[in-house]
Amino acid sequence: MNTSASNLLISNQSTAKIRMNLLATPLASIFGSGFLVILPVLATATGNGMGIAIIVVTSLAYAVGTAIRFNIQHAEPIIEKGQNTLVSSLDRISDVSISVAYIISITLYLQILSSFLLAGFNLTSQLFQDISTTIVIVSIVIVALTRGLGTLNFLETWSLMTTLALVVVIILGFIQYDLASIQQGVQSIPTPTASWWEMATVVGGALIVVQGFETPRFLGNSYDAGLRVWSSRWSQVVSSTIYIAFVFLAIPLIPELGGQYADNLLIKLVTYTAIPFLSAGVVSAALLSQFSAAVADTIATQGNVTEVSQKRIHPKLIYLSIGILAIILTWSADTFEILALASKAFAFYYFLQCLIALIIAPNNLYRLGFSAIGVAMLFIVLFAKPVG
C-alpha cells in the first residue's frame, strides 16, 4: 500500500472513531432513563394505543431535533459574531433554562435508580426511595467537591454499552413471549377512561424519555458543526428505531400486569420471558445508567452555570447548590411527577430554540415548521402532567 493510500485509511479510521465517540454522548443521554420508564407511562396513559403514542413522541422529538440542528449550523455563527441581539439574548436565556432542566433530570435519574435498587429488596416505600436518592445525591456532591466528577466520566461509555446490550436481550425475550402468545391469543390492555386531551397531556409529559439529542449543541469547542449535526440526527434515528420496536414488542406482555404499572414495571415484565437472570440485569443496568446519566448532567450543569455567570460562581458552590436543589425536589415529588416536570423544563428549552430558529429562518416554509414545533413545545410546558 502506498503512503497516500495508507494515510487516507488512517484518516478514515480516525474520522469513524470520532463519529462513534461523538454518537455515544447523545445516545447515552437518550437511553439514560427512557427505556426504564416509557412502558408504565404509555400503558397507563394510552393502553393499547401505546404503539401509536411512542411513534408520536419520537416523531415530535425528531422534529425538535431539526430545529436544534438548524441552530447548530446557522444560529451559532450569528451568536459568536454578535450579529443579532435578540438571538443572543434568547440563547443566554436558553442556557439558563437547560441548567434548570438538567437539575430536574438529575433528580429523576436518581429517583429511578433508587426505585430499581429497592425493588431488588422488595422495598417499595416512597420514604425509602427518597432516603436512598438523598444518599446518592450527597455522595455525588462529595465526590464533586473533593475529587471532581471528571474521574467518573468513564462510566458513560460503559453504561451505554450495557444499556444497549440489555435492551437487545429484552427485545429478544419479548419476541419469544410474543411468538408463544400468538398461538394462545393476545389479551387486550385495559383501555384508559381518560379523554384524548388528558392522554395528550400525559404523553407530552413523557418527552424527557427521548431527551438527549440536543447534547451535541454544547460540544462546539471540541467538534465542528457537521459532526455535531450528524451525531444528533443519527442518535435520534437509532434510538427511535429501538424505542418503537421495544414498545410494540412489549404490548402483548402488558396485560400480565393486571393494570398495575409502577415506575419499576420493567423488572416484573421481564420475568414473563424465558431468559434467566434478566431481572438482575435490568436492575444492574438501571443502577449504572442512572448514576452515569446523573453524573453527566451534573457536570453539564456546572459547565453551563459557569459559562452563563462568566466564571463568577465557583464550581464547588455550583455543585453544592445542585445537590441542595435536587434533594428538595426529591422530597417534594414522586418519580412520575418529576418526569413530567423535567419534560416541561426541556420543552421550554426546545421552545426557546424554536424561537431562535424562527427568527433566522430563510423562508416562510421554515418559519411555518419551526412555529408548529414551537407551539407543540409550548403545549407541553403549559399542560403536560404526570401519570396518575
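Lys311 sits in the loop that runs between H10 and H11. In this predicted model, the phi of Lys311 is near 65°, a positive value in a residue other than glycine. Lys311 counts as exposed because its relative accessible area is 71%, over the 50% cut-off. Gln310 is also placed in the loop between H10 and H11. Gln310 is not a glycine, yet its phi is positive, at about 55°. Its relative accessibility of 59% puts Gln310 in the exposed class. For context, a negative phi is found in most residues other than glycine.

The protein chain has a mean pLDDT of 86, and 95% of its residues reach 70 or more.

The secondary structure of the protein chain consists of 13 helices and zero strands. Read from the N terminus, the order of elements is therefore α-α-α-α-α-α-α-α-α-α-α-α-α. The C-alpha trace spans about 65 × 55 × 50 Å along its principal axes. For 388 residues, a compact globule would have a radius of gyration near 21 Å, and the protein chain agrees with this, having 21 Å. Of the 388 residues in the chain, 51% are buried. Of the contacts between residues at least 6 apart in sequence, 84% join residues at least 24 apart.

Leu22 counts as buried because its relative accessible area is 0%, under the 20% cut-off. Beyond its neighbours within four places in sequence, Leu22 is in contact with Leu219, Tyr223, Leu227, Arg228 and Ser231. Ser232 is 210 residues away from Leu22 along the chain, and the C-alpha atoms of these two residues are separated by 9.0 Å.

The largest pocket holds about 1,500 Å³ of space. Its lining comprises 43 residues, of which Thr215, Arg217, Phe218, Leu219 and Asn304 are the closest to the centre of the pocket. Two or more lining residues come from each of H1, helix H3 (50-81), helix H4 (85-119), helix H6 (155-184) and helix H10 (278-308). H10 makes the greatest contribution to this lining, with 12 residues. By class, the lining of the largest pocket divides into 17 nonpolar, 16 polar and 10 charged residues. Leu219, one of the residues closest to the pocket centre, is also one of the contacts of Leu22.

Three cavities of 30 Å³ or more are present in the structure. The volume of the largest cavity is about 40 Å³. Its lining consists of Ile106, Ile137, Ile140, Val141, Thr298, Ile322 and Gly323. The elements that supply two or more of these residues are helix H5 (126-146) and helix H11 (315-330), and H5 gives the most, with three. Five residues of this lining are nonpolar and two are polar, with no charged residue.

The second largest cavity contains about 40 Å³ of space. Val41, Val202, Gly205, Ala206, Phe336, Leu339, Ala340, Lys385, Pro386 and Val387 line this cavity. Helix H12, residues 335-360, provides the largest share of the lining, with three residues. The lining of the second largest cavity divides into eight nonpolar residues, one polar residue and one charged residue.

Technical notes. Residues are numbered from 1 along each chain as its sequence is written. This is a predicted model: local features need pLDDT of at least 70, side-chain atom pairs count only at pLDDT 80 or more; totals for chains, interfaces and linings use all residues. Side-chain values use heavy atoms; hydrogens and water are left out. pLDDT is the predictor's confidence in each residue, from 0 to 100. On a 1 Å grid over the protein atoms alone, a cavity is a set of points where a 1.4 Å probe fits but cannot get out, and a pocket is an open set with protein on both sides within 12 Å along at least five of seven lines; lining residues have an atom within 4 Å of a point. Grid points are joined across faces, edges and corners, and a volume is the space filled by probe spheres set on the points. Helices (H or I, at least four residues) and strands (E, at least two) are DSSP runs, numbered from the N terminus. Ala, Val, Leu, Ile, Met, Phe, Trp, Tyr, Cys and Pro count as nonpolar, Asp, Glu, Lys and Arg as charged, and the others, Gly among them, as polar. Buried means under 20% relative accessible area, exposed over 50%, partly exposed in between (1.4 Å probe, protein chains only). Contact means heavy atoms within 4.5 Å. The radius of gyration is taken over C-alpha atoms; the globule rule is 2.2 Å times the number of residues to the power 0.38.
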